[in-house]
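This report describes selected features of the structure shown below, beginning with a division into domains.

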Amino acid sequence: MRLNLTVNGERRRADDVWEGESLLYVLRERLGLPGSKNACEQGECGSCTVYLDEVPACACLVAAGQAEDREVRTVEGLADGDTLDPVQQSFVDSGAVQCGFCTPGLVVAAHDLLRREPDPSDEEIREALAGNLCRCTGYEKILDAVHAAADAR
Amino acid sequence: MTSTVEGRTTAATANGVGASPARPDGTRKVRGEFAYSSDLWHEDMLWGATLRSPHPHARITGVDVSAAVVVPGVHAVLTHDDVPGLNRYGLEHPDQPVLADDVVRYRGEPVAVVAADHPETAQRAMKLIDVTYDELDPVTDAEDAVHGEVAELHPGGNVVRHAPIRRGEQTPQADVIVTGRYEVGMQDQAFLGPESGLAVPDGHGGVDLYVATQWLHVDQQQIVAALGLTPEQVRLTLAGVGGAFGGREDLSMQIHASLLALYTGKPVKMVYNREESFYGHVHRHPATMYYEHGATRDGRLVHVTARIYLDGGAYASSTGAVVGNAATLGVGPYDVPNVSIDCWGTYTNNPPCGAMRGFGAVQAAFGYESQMDKLADACGLSPTEVRRRNAMSEGTVMPTGQTVDSAAPVAELLDRLEAMPLPADPAPAGGTADLRTLPGGVSNTTHGEGVVRGVGYAVGIKNICFSEGFDDYSTARVRLAAVGGEPAVTVQTAAAEVGQGLVTILQQIIRTELGVDQVTILPMDTSIGSAGSTSASRQSYMTGGAVRAAALKVRGALLSHAATRLSRTTAELHLDGGKLASVSDGVLADLVDVLGEAEFDETVEWRHRPTEALDPETGQGNAHVQYGFAAHRAVVDVDVELGIVKVVSLDCAQDVGTALNPQAVVGQIQGGSAQGLGLAVMEEIQTEGGVIRNPSFTDYLIPTVLDMPPMTIDVLELADPHAPYGLRGVGEPPTISSTPAIVAAIRAATGKELLRVPVRPDHIV
């Protein structure tokens, strides 16, 4: 099938999409946007979190066809040119990135949290990021990064 | 950070050793632009898939690929008949088939591989391969595998290694005896980046492989043997690695993708999904451990006797080395005059087990630390006091006869933990406490009723670097030249950056040694000599050591060059912040001007001091290079009616010798502690008759941000004079003591004996 959607502000088209493909597969393998990650592909780890019409979603759980004519914003669409989004910058500065495989999903999830709650408490951050697994950091520096991003915004 | 170190050489420059500069790959990672092994793409590439055995033990009676081959879009279906070289590989013993030939020994063993133009096509074709099996009884118990009347799974029997350790009297008398049988479940590394890579045929019979691994050269050796090629024909480049933790030390898709690429003449990408990942890498050995500790009435250890069984599963992997660690570190960080330990690593038909962070030391620590708490009870001492009375220190003789010849601040770590503030008391029952602070959280299982607090302590010990006489080395090339009017250094090694931040550390070392800010870490590949494995907490020590040694050679050559040009002696010159300076006259010139057109290029193969094999009868020998120590204090709240545990705080004190990058050191301690928490209360690959029951992140739970408590971390820096910069390997020790500290806290809260990890609700209720 043919898929038309908007990704990071650009109209994109993908041809010959097999109906069983996920939005994640289309982003990664057909549209050249591998930033959203494939850690579990079963909606448990949050590493593929993208905005779908401004609502965070696991791209692995969205069938490609469900994204027809919708707006997708991925981790690749957060920075303003060479200027990182404050969430991205604070992840780098706080040491919240080790292997980094969870980072794109966490950055999107934290970005969404700060849009809703500009100065979240630890408890609010924990609840908001509970769907994003990280295996390297023990999360402490991710909490630091979200607080730092809140301060910077 | 509490103290400083000698051994830092020259060249004060910002962001050198001891600073915490940003990772060079950090910006690409937060932008989603860092290329992991599963992100790779090539024009005209195919997708590989792997057919795996559904049985834990069976004889293959037939393989018919005819229906799969004719599926449109399928380019190759390969079986063991298509493996051109040795159809065996393995880290220590080549005992594992690339593709199963006559017998499958675990559920998930690769039998055939497919390449097709779409991953779904490959999956569908795979399901059309008709493999017939005669099922055999699986061997699933490690003790049976050693002592029972069971099938021999490999020639030579089911014992991969038996390591005895004998020190002092073998039949000592003690006032107080405590015993226990302990079990550790099978833990998964659960790195988030799945096994994946891209193999590109070179058109001349060779292949370029881009892959996530921990040790490029040992991969290369095994691939070369299986493909019947030369090392020059099989070139590996490290792709972005999404975590490792030991699980990438063994091969997964490397040979399969290379084989498919060579057969089809097209690039082949393979990416496991999460379920396949559980079959695609080795796990932490499950353990059954029998311990007897004897002590005087005042709690001083007289003897430790132990039998430890580590289930290695179907193939050897690194079981031999894991056994060596569990045996030699089997009494923990304590001074014990009389020791008798027997440790076995076995073959069974369970999933293969090998390296995971802590590597044998994790299992033993759950045994010996549980015993130390029992001993404390029996002697009427506090858990910290019984540990202090037996704590090893510099000069202590290990059960192997090896004298510990650098700092071993076990008592000090405990003192520091005890001095840390405790968290506020739990909210009273029936009050208005924030649900998020209670066991069960917003599941609303309690408002404080039935919640009991407990506190527990544990200490662990880990060997750093490869042991037992292994020729452990790393190779580094450092090149200094003027580039665009600035002095610039490139560093080349084959050391796997797996997320820990080695690339940052190597830049810092260059800045410290050469005073040059602009440092480029080249892609890691096999065009340079081996760096050894990114494991055993060894890369800062080994590749850091190699890069430092190469930088010192560059510096020596540069200073000679400068001395000649400036009519000075080498001895009076030094490098400082991009300048050349002399002791008497200060800054003499910009480094870039001294360099001119010159280029300094040095390659060094660097080794740590040699170690010795263990005596096979007595286990005596100077087997280890360095020991690392960490201690934890855990505070838990347990809902004793439902068996739900909330870890309230998890504090850690660790000696790191020298913190080359304090931010990265703390990050290792936090992440390692989290993995220990996982083993304590949630993580286990559950097997039944050799079959994994929970191969998903739905059913295999790793800690989330809700599960990890705040940590207070105290980093000691007691330099090891034998190590580069005095550093002590950091990555593994915090994983070791975290688990037993949490279990001790749960015991303190519940009064339950808790002989097995992970602790489950039904162990408590």
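Domain bounds are taken from an automatic or database domain assignment. On that basis chain A splits into domain 1 (3-77) and domain 2 (86-152). The model is predicted: local features need pLDDT of at least 70 and side-chain atom pairs count only at pLDDT 80 or more, while totals for chains, interfaces and linings use all residues. Residues are numbered from 1 along each chain as its sequence is written, with chains lettered from A and ligands numbered from 1 in the order in which they are written.

The C-alpha centres of the two domains of chain A are 21 Å apart. Contact is defined as C-beta atoms, placed from the backbone, lying within 7 Å; by this criterion 13 residues of domain 1 of chain A touch 11 residues of domain 2 of chain A. Strand β3 (residues 49-52) of chain A supplies the largest share of the domain 1 side, three residues. Helices (H or I, at least four residues) and strands (E, at least two) are DSSP runs, numbered from the N terminus.

In chain B, β20 (residues 486-493) and β21 are parallel and joined by four bridges; pairing requires at least two DSSP bridges. Val489(B) has Val519(B) as its bridge partner in β21(B).

A residue is buried if 20 or more other C-beta atoms, placed from the backbone, lie within 10 Å of its own C-beta. The side chains of β21(B) (residues 518-521) alternate as tabulated.

| Face of β21(B) | Residues | State |
|---|---|---|
| One | Val519(B), Ile521(B) | buried |

Note on methods. Buried ≥ 20, exposed ≤ 12 C-beta atoms within 10 Å, placed from the backbone. Contact = placed C-beta atoms within 7 Å.
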